[in-house]
Amino acid sequence: MRSARLDRQHVAVVAVFLLAVLAAWMGVSRLEIIDPLILPDLGAVTIRLVEMSTTAALWESLAVTTLRILAAFAIAMVAGLLIGVPIGRSRGTSLAYTPLLANLSAVPLFALYPVLLLVFGIGDASKIAFGTLNGFFPIVLAAIAGASAVPNNLMLAARAMGASRLQQLVTVIIPGALAEILAGLRLGLALCTLAVFGGEILGSTAGLGYRLAVASETYLSVDVYAYVLTALILTAVLSIALSLIIRSISRK
Amino acid sequence: APTASGDATALTKLKAGICVPNDADLALPPYVAQESGFFTDEGLDVEIVSFQGGADMVKGIVGGSVDVGVCGAIDAVAASAKGIPMKIVAGIGGTNPSALMVPDSSTISDISELDAATTFGIGRFGGVTDFVARLTSDRAGVPSDKFKAAAIGPDGLTAAVEAGGGDIDVFQWVPNSAITFESQGKLRTIATVADVFPEDQYSAVLAQPEYISSHKEVIGSFLAAFFQAVTLMKEDRGFAEKAFVERLNVPQENVGAVYEATVPRWSDAGEVSTAGLETYAEFLPMLGLAKTSPSLSDFYTDEFLPVKTD
Amino acid sequence: MITTTSDPERVDWHRASAEAAISIRDLSISYLRNDDERVDVTAGFDLDVRRGEFLTLIGPSGCGKTSILRAIGGLQKPTTGAVTVLGEPLTGPRPRDISYIFQDFALFPWRTALANVEIALRFTSVPRRQHRQRALEALELVGLADEADRYPRELSGGMQQRVAVARGLVSNSEVLLLDEPFGALDEQTRLILGTELARILEQTGKTIVFVTHSLQEAVFLSTRIVLLSKRPCAIKEIIDVPLTRPRHPDQVTGAVGQRIQQTLFNGLYSESTGA
Amino acid sequence: MITTTSDPERVDWHRASAEAAISIRDLSISYLRNDDERVDVTAGFDLDVRRGEFLTLIGPSGCGKTSILRAIGGLQKPTTGAVTVLGEPLTGPRPRDISYIFQDFALFPWRTALANVEIALRFTSVPRRQHRQRALEALELVGLADEADRYPRELSGGMQQRVAVARGLVSNSEVLLLDEPFGALDEQTRLILGTELARILEQTGKTIVFVTHSLQEAVFLSTRIVLLSKRPCAIKEIIDVPLTRPRHPDQVTGAVGQRIQQTLFNGLYSESTGA
Amino acid sequence: MLRWGTILAALATWQVGAAFAREGSIFLLSPGEIAAGLVPMLQDVSAREALTLTAWEFGIAFVISIVLGTAIAAVLAVTPLSRRSGLVLFQLFVSVPQVAIYALFVLFLGAGAESKIVFGVTHGMLPVVIGILAAVDGYRSNLPQAVRAMGGRRWAVVRYAVIPAVLPSAVTSMRLCASLCLLGILIAELLVSSGGVGRQIGTYSGALQIDKLYALVAVVCIAAIVINILLAIVERRAGRWKA
Ligand SMILES: Nc1ncnc2c1ncn2[C@@H]1O[C@H](COP(=O)(O)OP(=O)(O)OP(=O)(O)O)[C@@H](O)[C@H]1O
Ligand SMILES: Nc1ncnc2c1ncn2[C@@H]1O[C@H](COP(=O)(O)OP(=O)(O)OP(=O)(O)O)[C@@H](O)[C@H]1O
Ligand SMILES: [Mg+2]
Ligand SMILES: [Mg+2]
């Protein structure tokens, strides 16, 4: 299996890389090559971030955005699996719908954002819908691929042992497609996060993306980068959380 | 202005930023000047870059990706208030031609009826729509901490209109959109911004002081060509209306009304209403958009005025 | 000593059916390939398996052994014909009566050896709390009690196959269908496992249909050996193995064992060289 | 008739080395597992393979046959000891002299059968324009000329194995190492292919080291059979097969064949029951 | 057939639904109206220019994404450690809201095509790197050894045993690359631009020319789908040897 040493090492490498990026940022802002309006000093941003973390406003925005991402991801996941798994298990529908879904996934969804605003209003619903839409395709495509790759002999074995259709789904298809599905979930989460942020930046009345846009419009660059850092931390926390869940599931 | 030169190799490069590509004040003159060859005549090779809003454009100027900007005068004032050096070198339209509108089904018929429950739909925070909404709210007697707005950009606003207002009670639209919505019976105008805010300087040309002092000639040439285009459109209505149709996609049936609402307000020599500018400076801190109030000389220079066009 | 039913077409129906655990009548199986070409695996196949008998199917690769076994297991719908198991016509898998051990193991890679065996009880009426104990016993039987917590990928091919065998045994069904269950094992592990299998089965009086390529294994384990022809597969010869049980490996290489092997070998050799 | 070198430790070094195609001296192989536990596969292993001989390694599963064969192929660095092939000490793969046929075929799934055979010539000095012709001939040899354009997944397990054999033969190297090359085939196809292989090899005078689990195959093909013990693997017995060539399948079940099989069988059986 | 049936049914539902739910909405257009908007849209010089410009920018960004992504992946793929770390990092990058720091791109590259292309590349490159790294990381095979046994050296191992195995996933990731690349460019054009489809979308939407807006969006979507189909064909060829 994967070695624990490699695990520790790559965490270290990633940390070192991120630190290097921060150091480069620090260096650039100290040298004042770039106007602080465009790239403010890292120190100032850090101080601001600490300052903001004592205000309710940051936590409220964080909560709003996190809930939107989680809601969108949950819907995308459930829909993706409910639609993807049956399609993957049936050769006929798979032949018909896989290319269709793959092609739809290529559509630049953000061009549809105004339409979503129209249908779902400017509140949570449109952000969640946008996130769901973006997260859905990678998940459904992965579910199709995973489900269709479950070896037939395993299905047959379950049938021979008397498994019902539901039992086949639970004991064979889902675990058998897990690796692919999890890869899809990872990408789905990433795109979901991106879409919710994007939606909030494009038009919203609350959330991290919205705060970021306001700060940007009002020339508060330090705040902008504080929000960018917050968003990055949120992204990292969410993807680590997903990884941990994934690992605990695939250990079983 | 420097002598006109047909020698293409000697052209000076200049990048001009515009914001809100569907605003007549901001989008039309630069393109008309470009397409009529006025810039070339002045010895300039101008590239026009459009931004999604004033703040983005100001950053573009600070970062050096554009040299001069055509945008709301408030953007220069707000930038100065935040300590970002930015100066207005010429004015375009004085009063703000936008309309304050409510959904057709709304019971509001006058701005005095607005109250703390009112939500304004605005394009972006800190921009002119935000300022106008706050000022309107203030005039209607709503305390500034009760002011409510949703900043959702032009696309979001259009969508909100379509959805029948939704959470938004009052909209601001530039004339071309306002006329369309009104003719479709979706929105109803309760006032023009000029009614609320008569002493205004709506649109302007700006640049950084540093650039101004080192590129006086270039700015002079740019403004000359720019206002030559303005003059052309003021004088030749047929030509201007054609530009509205082609450039801003204004429907033929509305073009007359849009022209009436915009072009006559334009200055053909770049005059600036300093009173309007001072209103911005004065109200910015009061409306919560800045901490300090910048002084006129921080964000305005009259050294290019009046612009001489040949 | 070797009785050869030289004309397999003339089975004595009535006698056979009376005591048959499995009876196959007029079985035809055909596949439609991707290019819409029809492959007839077998046509009008008849066979009776007696209760408590260890019957081995042997035949050239691709002749249709797996297909026939799957039909007996209710995993393959016959094109025509019927299979009756324990007096009841088959309509689908009947896990209470029939266990199937797959040629390619069909282990669930995400389950440990133990969990792979337990799962065969999951869909039965065996009470949940007995699962672990019974699965452990089955693993012990195949000599894998120590590897209960390993995942299939951590086991050698032979070990995996033994887990599959344990899974087939655990549900304690009356009929056992084994498709080359020792194919991945070396000859000696085969024999040890075969000895063990034969012992268990004899004690419990199960009915077994067994597919193998190993002549020695066939002789060592079977009461009857069915020699099949190339596709479309038909019965070429049915050979009784008159050796007493329990058998010793020496008997396989003894005179009787040698003679049966020789017969099978010649049958297969002529079959595959097209004679 | 069967000569058994009962004490394998006392090989006559000098005689053997003189005519040896492959000589293995004091070979030790050990693996470091993930959990840092050391597995000693073999320690102080000595063996000589004569020129033109067909030597078979036989032994319990997991005893180390593949590991030894890989050491001979230069694919596995011994922990200690040395392997000399055709008089030159091995330092790595030496494809000009040695062809290796993998236990699990190791076919490139993205190459057709033909391309899979051709690739073995890619790294040799054989002129490019001859590749196709020679690869086709090799496929013909294993009876797969008609399947040249198929991808591995379109071939049955047995066919895939034959492609692997063709790839081993095509480069025409002097030494051939075959790791259970017929494992996935039924007994009769095995024999046919074995016969063919034996014929080719005899004509070309190649030196072969062969791993198999099939006693019959060992008897049918080998000049000498090396019986290995459990891990850590040592030579238990070396058996000469005094049958003339070309051999007929009947000889395998003949008296001499039977006796050798019996010897091997008992050796293995005692080995795996731990006796 | 099922597929085309579904597409037709969806279009029909849309067409009928739009007619009913319409109530004078300028946003709810039927497929027929959008198709009708194609002609006037394509008559606009600005729209044609925008399409051409964006197509160019996309083409360049796509090629760079693939070349650069492959190169980065190739370097990172060499050791297990760099592979794992690279995977983690690039997966993190995918969800970074790059929009927030677009000003940096404009600062370094100006407001023209360069910044848009680079923005497209920073989006499009990610799936390529991740796809290849994941494929190499998951590759377990004795084929590298087979190549060595046949006399191939290090490069031959890569060329004959690794690249072909990784190719199908690399091509698969190119599809995602194309769609993210396009996304990046459109966003950049909408934010700051001297032209292009993103800007034109803004223009139409500001001018409330919804039929042209949808027609333009439809053209972009169809172009995206066509690219996707072409890549799917390449993908099928690359993975022909698979089941
Ligand atoms: N799903 C299928 N589609 C088409 N043909 C099939 C299918 N399954 C099996 N066949 C064909 O049917 C024939 C019989 O296959 P089967 O698996 O029953 O053979 P077998 O005797 O078990 O062979 P082996 O000894 O190699 O396991 C083969 O020739 C095979 O090519
Ligand atoms: N990479 C490895 N890491 C750790 N242990 C290994 C590795 N490869 C092989 N082994 C161990 O070394 C021993 C010998 O393996 P080898 O493959 O040589 O056996 P074999 O005789 O070829 O077996 P079989 O007949 O099953 O092919 C086995 O017990 C195996 O568990
Ligand atoms: Mg079979
Ligand atoms: Mg081996």
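Modeller: To sort residues into classes, Ala, Val, Leu, Ile, Met, Phe, Trp, Tyr, Cys and Pro count as nonpolar, Asp, Glu, Lys and Arg as charged, and the others, Gly among them, as polar. By that rule the shell around ligand 1 holds three nonpolar, seven polar and four charged residues.

This is a predicted model, in which local features need pLDDT of at least 70 and side-chain atom pairs count only at pLDDT 80 or more, while totals for chains, interfaces and linings use all residues; side-chain values use heavy atoms, without hydrogens and water. Residues are numbered from 1 along each chain as its sequence is written, with chains lettered from A and ligands numbered from 1 in the order in which they are written.

There are 14 residues around ligand 1, and those that come nearest are C:Gly62, C:Lys65, C:Thr66, C:Ser67 and C:Arg231 (near means a heavy atom within 4 Å of the molecule). Helix H2 of chain C, residues 65-72, gives the most to this shell, with three residues (helices, H or I with at least four residues, and strands, E with at least two, are DSSP runs numbered from the N terminus).

Now the polar contacts (pairs of N or O atoms within 3.5 Å; within protein, one must be able to donate a hydrogen and the other to accept it, and residues adjacent in sequence count only if both atoms are side-chain atoms). The side chain of C:Thr66 places an N or O atom 2.5 Å from an oxygen of ligand 1, and a polar side-chain atom of C:Ser67 is 2.6 Å from an oxygen of the ligand. C:Gly64 takes part through a polar backbone atom, 2.8 Å from a ligand oxygen. On its own, ligand 1 has 640 Å² of accessible area, of which the protein covers 67% (Shrake-Rupley method, 1.4 Å probe; for residues, only the protein chains shown count as cover).

What surrounds ligand 2? Its shell also numbers 14 residues, the closest being D:Gly64, D:Lys65, D:Thr66, D:Ser67 and D:Arg231. Helix H2 (residues 65-72) of chain D supplies the largest share, three residues. Polar side-chain atoms of D:Thr66 and D:Ser67 each lie 2.5 Å from an oxygen atom of ligand 2. For D:Gly64, a backbone N or O atom is 2.8 Å from such an oxygen. Of the 640 Å² that ligand 2 exposes alone, the protein buries 68%.

Elsewhere in chain C, strand S8 (residues 175-179) contains C:Leu178. C:Leu178 counts as buried because its relative accessibility is 0% (buried is under 20%, exposed over 50%, partly exposed in between; 1.4 Å probe, protein chains only). The C-alpha atoms of C:Leu178 and C:Tyr100 are 6.1 Å apart, although 78 residues separate them along the chain.

C:Arg51 is in the loop between strands S3 (38-50) and S4 (54-58), and C:Glu174 in the loop between helix H5 (157-170) and S8, so the bridge ties together parts 123 residues apart in sequence. C:Arg51 is partly exposed at 49%, and C:Glu174 is partly exposed at 32%. Over all chains, the whole structure has 33 salt bridges.

How values were computed: Salt bridge = Lys/Arg side-chain N within 4 Å of Asp/Glu carboxyl O.
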